Every structure is written in structure tokens, then in C-alpha cells.
Amino acid sequence: MKITANTSGTRSIEISEKHLVTIRKYSLLDGLVDSNGIIDESVLDKLKLNVRSLLESPTVKDNDLLDLCLDVIYNQNMKAIGLQNLVSLYKEWLKTAEPSSEAEETTDDNEVTD
């Protein structure tokens, strides 16, 4: 999947299914956009800071998150319009995505065995 990264449409960023799964895993887009619904450069900066703090956390060692950063969030072409298109793509993907396998794993881990 590709998203347009600038207003003229000359730049794009490739988004994989793995990127979208990672966004869902860390709820990166939840609560990111203010109630006004406007996505501007400050919202992109907020996302970058949130991801940076996750990466600096000693408990998070996730190559998928690092790949998302390198490929998408910190991509040199990523601008506010790209983030807006990423949010739209993510919302569409959520409608068709399978339920998170993490929820199933959590349920399995909590089961008591004899």
C-alpha cells in the first residue's frame, strides 16, 4: 500500500501490513489528533516524540517498531499530509483487519493449567 506524502502528490511512502499491525499494537494513532481533527506538523512531531519515548524505554525491544520508524514515521518524505493519509489508511485497514492475535495470546497466557 502507498500513501501520498506531500500535497503535490509527487512523493509517496510504502506502508506494509506489518507497519499497520505495529501501529495497532502500540496504539500509536489513538488520541493523537485533537478534537478539531486537524493534522498538522505539530501532530506529526507529537507522534515522533511518542515513538521515540517508546524506543528509549528499556522494556521495549521491538524491531517492527524500529522498522516503522525508519520506513514511515521518520521517512524524509513524511509530512502532515502523509500522516493524514496514514491515519485514513489505518482506519480503512482496521475495518477489514483480523482481531489482534495479541488479545488471543493474552487470554491463553492467563489460563490455568493443572
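Lysine 25 is partly exposed in this predicted model, with a relative accessibility of 39%. Its salt-bridge partner is aspartate 62, and the closest N and O atoms of the pair are 3.0 Å apart. Because aspartate 62 sits in the loop between H2 and H3 while lysine 25 belongs to helix H1, the contact ties together parts 37 residues apart in sequence. Aspartate 62 itself is buried, at a relative accessible area of 14%.

The search of the whole structure returns four salt bridges. Another of these joins aspartate 67 to lysine 18, with 3.5 Å between the closest N and O atoms. Here too distant parts of the chain are linked: aspartate 67 lies in helix H3 and lysine 18 in helix H1, 49 residues apart. Both partners are partly exposed, aspartate 67 at 26% and lysine 18 at 41%. A further bridge, between glutamate 92 and lysine 95, has its closest N and O atoms 3.2 Å apart. These two residues are three positions apart in helix H4, so about one helical turn separates them. Glutamate 92 is partly exposed at 46%, whereas lysine 95 is exposed at 64%. Shared partners also join Lys18, Asp64 and Asp67 into one salt-bridge network.

Aspartate 45 lies in helix H2 and is partly exposed, with a relative accessible area of 41%.

Key
Residues are numbered from 1 along each chain as its sequence is written. This is a predicted model: local features need pLDDT of at least 70, side-chain atom pairs count only at pLDDT 80 or more; totals for chains, interfaces and linings use all residues. Side-chain values use heavy atoms; hydrogens and water are left out. Helices (H or I, at least four residues) and strands (E, at least two) are DSSP runs, numbered from the N terminus. Buried means under 20% relative accessible area, exposed over 50%, partly exposed in between (1.4 Å probe, protein chains only). A salt bridge is a side-chain nitrogen of Lys or Arg within 4 Å of a carboxyl oxygen of Asp or Glu.
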